[in-house]
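Subject: Structure for you to look at

Hello,

The structure you were going to look at is below. Please open it first, then read my notes beside it.

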Amino acid sequence: MKADSSLVVMFLTVLILQGVAYAQEPPKATFIHGKVIDNTGATIEGAEAELIRQIDGTVIDSLITDSDGLYLVEMNFEVDESPADVLIRVAKTGYTNYQEAIQVHGAAPPEIVEKNILLTEKPGE
């Protein structure tokens, strides 16, 4: 009989733990992606793209654009963070810097924002 009650307790514990796991909110995220181009429409490889939290200036994610000028930056949200004000900043030597403030909300499944960016060549560089 003792073995039966131990089995029941173990079974109930597993059920409770599964309920807790399902009750947790799935993680929220935002992905911002696009292409960096110049004023002729040519893609810009090697530009630095950054996603920055406006409230404290923290760089959330950064990368260098690939040979097709593509970038993808990501923000994962804590429960109390949504919505969030962020800056997208893109820079490359010889071009004017790009910066835009946007508000992201995070979602599960992730919010996806497409943002193509135009960098203008600096004269004489």
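Of the 125 residues of the protein, 29% count as buried, where buried means under 20% relative accessible area, exposed over 50%, and partly exposed in between, with a 1.4 Å probe and protein chains only. This is a predicted model, in which local features need pLDDT of at least 70 and side-chain atom pairs count only at pLDDT 80 or more, while totals for chains, interfaces and linings use all residues. Residues are numbered from 1 along each chain as its sequence is written, and side-chain values use heavy atoms, with hydrogens and water left out.

Overall picture

The protein exposes about 8,100 Å², and carbon and sulfur atoms supply 57% of that area. The areas come from the Shrake-Rupley method with a 1.4 Å probe; for residues, only the protein chains shown count as cover. There are one helix and eight strands, in the order α-β-β-β-β-β-β-β-β from the N terminus. Helices (H or I, at least four residues) and strands (E, at least two) are DSSP runs, numbered from the N terminus. Contact means heavy atoms within 4.5 Å. Among contacts between residues at least 6 apart in sequence, 60% join residues at least 24 apart.

The open sheet

Strands of a sheet pair through backbone hydrogen bonds, either parallel or antiparallel. Here two strands are said to pair if DSSP finds at least two bridges between them. Four strands form an open sheet with antiparallel pairing, in the order β3-β2-β5-β6. Its edge strands are β3 (59-64) and β6, each of which pairs on one side only. Within this sheet, β5 and β6 are joined antiparallel by seven bridges, and Val90 stands opposite Tyr98 in β6.

Strand β1 and its partners

Which strands does β1 pair with? With β4 (residues 70-77), β1 pairs in the antiparallel sense over eight bridges; Lys28 has Phe77 as its bridge partner in β4. With β7, strand β1 (residues 28-37) pairs in the parallel sense over four bridges. In β7, Thr30 has Glu111 as its bridge partner, and Ile32 stands opposite Val113. With β8 (residues 117-118), β1 is again parallel, over two bridges, and the β8 partner of Val36 is Ile117.

In β7 (residues 111-114), Glu111 and Val113 form the covered face, and Ile112 and Glu114 the uncovered one. The loop between β6 (98-104) and β7 holds Pro109. The peptide bond from Ala108 to Pro109 is cis, with omega near 0 degrees.

The core

A nonpolar core is a set of buried Ala, Val, Leu, Ile, Met, Phe, Trp, Tyr and Cys residues joined through side-chain atoms within 4.5 Å. Which residues touch the most other members of the largest one? Of its 21 residues, they are Ile32, Val36, Val90, Val104, Ile117 and Leu119. Strands β1, β2 (48-53), β4, β5 (84-91) and β6 each supply at least two residues of this core. Leaving aside neighbours within four places in sequence, Leu119 is in contact with residues including Val36, Ile44, Val90 and Tyr98.

Regards
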